[in-house]
Amino acid sequence: MGDTKEACVTEPQRTEQRSDCTLREKMVTVTPYRPEATFQTIGHSARILDPEEAEKLEKDRNLVSDFKQEKLEREAQKNWDLFYKRNSTNFFKDRHWTTREFEELKACREFPAQKLIVLEAGCGVGNCLFPLLEEDLNIFSYACDFSPRAVEFVKQNPLYNPERCNAFQCDLTKDNLLENVPADSVDAVTLIFVLSAIHPDKMQLVLENIYKVLKPGGCLLFRDYGLYDHTMLRFKTGHKLGSNFYVRQDGTRSFFFSDEYVCRLLTAAGYELLVNEYVQRETINKKEGLCVPRVFLQCKCKKPK
C-alpha cells in the first residue's frame with residue numbers, strides 16, 4: 001500500500017491551564033500511507049471551523065419539534081434494534097486499538113496474575129469486547145447494551161464463553177446495573193461511542209449507574225464524538241435536536257462533546273478526572289481531493305478510593 005513513516009511525537013511543556021478540566025497536551029503527527037495522509041493531534045484545543053463551516057452551523061437554528069423529539073426518545077430502543085437488524089454484525093470494525101489507547105486495561109492490575117473484571121457499557125455486537133478477550137486471557141467481562149438484538153448477536157458469536165463473559169440487555173439510564181454486576185467489583189469500565197447516543201438530560205444517570213459497580217480506584221475509559229467532528233458538519237437542516245445534538249435518518253441520535261462538557265458530567269458524578277483531551281485526525285486524499293476532519297474526545301478517570 002506504500003511506504004510508511006514513523007510517527008513523530010512531541011510533548012511540549014505547558015505551565016498554563018485553561019480551566020480546571022485542562023490536564024495536559026501532546027501532539028502526534030502520523031503519515032501512514034500514500035496517496036492518503038493522516039495527520040493526528042491530541043490536546044485541549046478544539047477544532048477551529050473555517051468561515052463556511054461556521055456560517056453553516058450558525059444558520060442551522062431550527063430544532064426538530066417537541067412532538068417528534070418525544071417520539072424519538074420513546075422509540076430509541078426500537079431504532080437501535082432496527083439498526084442492528086439492518087446491519088447485523090457488519091457495520092462497525094473490530095476495535096483492536098482499545099488497549100493501545102487505554103493502557104489502563106492492562107496497567108490497573110495490582111499483581112501480574114490478577115484476573116481483571118471489566119464492564120463494557122454499550123457493547124453493541126462485541127467489536128471491542130471480543131478483541132479484548134482474545135488479547136488478554138486473564139479478563140472476565142460484563143457486557144451490556146440497550147438493544148436486545150445486539151446482545152443476542154454477542155451471545156451467538158463463536159468467541160462468546162459464559163465463563164469469561166456475561167452479556168445482558170440494559171438501559172443504562174434507568175436499569176440498575178447492580179442487578180447484574182456486584183457493587184464495587186469492576187476494575188475498568190469502557191464507555192466507547194455510547195454516551196453520544198443518549199439524550200443529554202440522561203447522561204448523568206448513566207455515569208452514576210456505572211459509578212456504583214466500579215471499584216474504588218477503578219477506571220472509567222471514555223471515547224466519543226468531539227465538537228465539530230466531520231459527521232456533525234454533514235447534518236442537513238431539519239436534523240438538529242438541541243445544542244450539539246442531532247438525529248440521523250434512521251432515528252438514532254448523536255451528541256458531540258466538548259472537553260468542558262465532559263469534565264462537568266464526570267466530576268458531577270463523583271469521578272476524578274485524569275485525562276481529558278481531543279483527538280483530531282485529518283485524512284487528506286490528494287487524488288480524490290478530499291479532506292475529512294475527524295474529532296473525538298478521549299477521557300480517563302477513576303473512582304476515588
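## Cysteines

A disulfide is taken here as a pair of cysteine sulfur atoms within 2.5 Å. By that criterion the structure holds 0 disulfides. Cys123 is in no disulfide, and the nearest cysteine sulfur, that of Cys144, is 6.4 Å away. For Cys165, the closest cysteine sulfur is that of Cys123, at 7.6 Å, which is too far for a bond.

Cys123 has a relative accessible area of 4% and is therefore buried; buried means under 20% relative accessible area, exposed over 50%, and partly exposed in between, with a 1.4 Å probe and protein chains only. Cys165 is also buried, at 2%.

## Model and conventions

This is a predicted model, in which local features need pLDDT of at least 70 and side-chain atom pairs count only at pLDDT 80 or more, while totals for chains, interfaces and linings use all residues. Residues are numbered from 1 along each chain as its sequence is written, and side-chain values use heavy atoms, with hydrogens and water left out.

## Three-stranded sheet

Strands E9, E10 and E11 form an open sheet in the order E9-E10-E11, with antiparallel pairing. Strands (E, at least two residues) and helices (H or I, at least four residues) are DSSP runs numbered from the N terminus, and two strands pair if DSSP finds at least two bridges between them. The edges are E9 (240-242) and E11 (253-255); each has a single partner strand, so one side of each is left without a neighbour in the sheet. On average, neighbouring strands of this sheet are turned by 25° against each other, direction ignored.

Strand E10 (residues 245-247) is joined to E11 by 3 bridges, and the two run antiparallel. Phe245 stands opposite Phe255 in E11.

## Packing of H8 and H10

Helix H8 (residues 203-213) packs against helix H10 (residues 259-268) at an angle of about 45°, with the axes 9 Å apart. H8 is therefore oblique to H10; angles under 35 degrees count as roughly parallel, over 145 as roughly antiparallel, 65 to 115 as roughly perpendicular and the rest as oblique. Axes are lines fitted to C-alpha atoms, for helices over the stretch in contact, and angles run from 0 to 180 degrees between N-to-C directions.

On the H8 side, the contact (heavy atoms within 4.5 Å) is made by Met203, Gln204 and Leu207, and on the H10 side by Tyr261, Leu265, Leu266 and Ala268.

## Leu132

Leu132 lies in helix H6 (residues 129-135) and is buried, with a relative accessible area of 7%. The C-alpha atoms of Leu132 and Leu105 are separated by 9.1 Å, the two residues being 27 residues apart along the chain.
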